Amino acid sequence: METLKEEEEYNWREVKLPSLIPVVPEPELERETGERRRGRDIIIAVDHGPNSKHAFDWAITHLCRLADTVHLVHAVTSFKNQIVYDATQVLMEKLAVEAFEVAMVKSKARIVEGDAGKAICKEAERLKPAAVVLGTRGQSLIRSVLHGSVSEYCFHNCKIAPIIIVPGKEAGEESVE
C-alpha cells in the first residue's frame, strides 16, 4: 500500500444519523474542564465483520466517556454499489444508537470511497482525534505483510493520533460486556 499524497482527493458521504444528543451535566469538580468537559473526537473504523464490532464494543466500553464524539468511518471501493452503501448506512445507524445507549456519546458517520487504510488516515488528519480505533482479523505477521492489513497500514502511516488496534475475540477476551 502506498501513502496517500497530500494533493490526492478522496470522495466521501456524510451519513445522516438519528438525532441523539446526550445531556452533559455541569461539572462537579473544577478539574472537569477543558478537554474533559468539551469531549474528545474518537475515530472508530467499522466494517461488517465481527472483529470490527468487537473493536467498536471495546472502544465504547473502555475508551469513550460522556461528551466525547465517536466518528464512525467505513471505506467502500465505490459508491456505485448501492446495496453495500445502504447496508453500511444501516450498520452505522445501529452503531450510533448503541454508542448513545451504552456510553451516552454523540456519533457522526462517514462512508469514504477508496482504500480503507488511506481513507482512515485521511480522516484522522482532518479530525485530529484523541485516538483511532481499529479491529484486526488476527492474521499472522507474515500474512499481514504479504496480503496487506488496514490496521498495519494505519499503524505505520497515521502519525496524527494514537492508533489502538483491538485484537479479535479469538485472541483471548471472550466478551467486553
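Which residue in S4 is the bridge partner of His71? The legends below take up this pairing and its surroundings.

**View 1. The six strands of the predicted model form an open sheet.** This is a predicted model, in which local features need pLDDT of at least 70 and side-chain atom pairs count only at pLDDT 80 or more, while totals for chains, interfaces and linings use all residues. Residues are numbered from 1 along each chain as its sequence is written, and side-chain values use heavy atoms, with hydrogens and water left out. The strand order is S1-S4-S3-S2-S5-S6, with mixed pairing. S1 and strand S6 (163-166) are the edge strands, each pairing on one side only. Two strands pair if DSSP finds at least two bridges between them; helices (H or I, at least four residues) and strands (E, at least two) are DSSP runs, numbered from the N terminus.

**View 2. Strand S3 pairs with S4 in the parallel sense.** Eight bridges link S3 (residues 69-76) to S4. The bridge partner of His71 in S4 is Lys108.

**View 3. Strand S1 pairs with S4 in the antiparallel sense.** Four bridges join S1 (residues 12-15) and S4 (residues 106-113). Glu14 has Arg110 as its bridge partner in S4.

**View 4. Strand S2 pairs with S3 in the parallel sense.** S2 (residues 41-45) and S3 share five bridges. Ile42 has Val70 as its bridge partner in S3.

**View 5. Helix H3 belongs to a right-handed β-α-β unit.** The unit consists of S3, H3 (residues 82-103) and S4. A crossover is right-handed if, with the strands pointing away from the viewer, the path from the first strand over the helix to the second runs clockwise.
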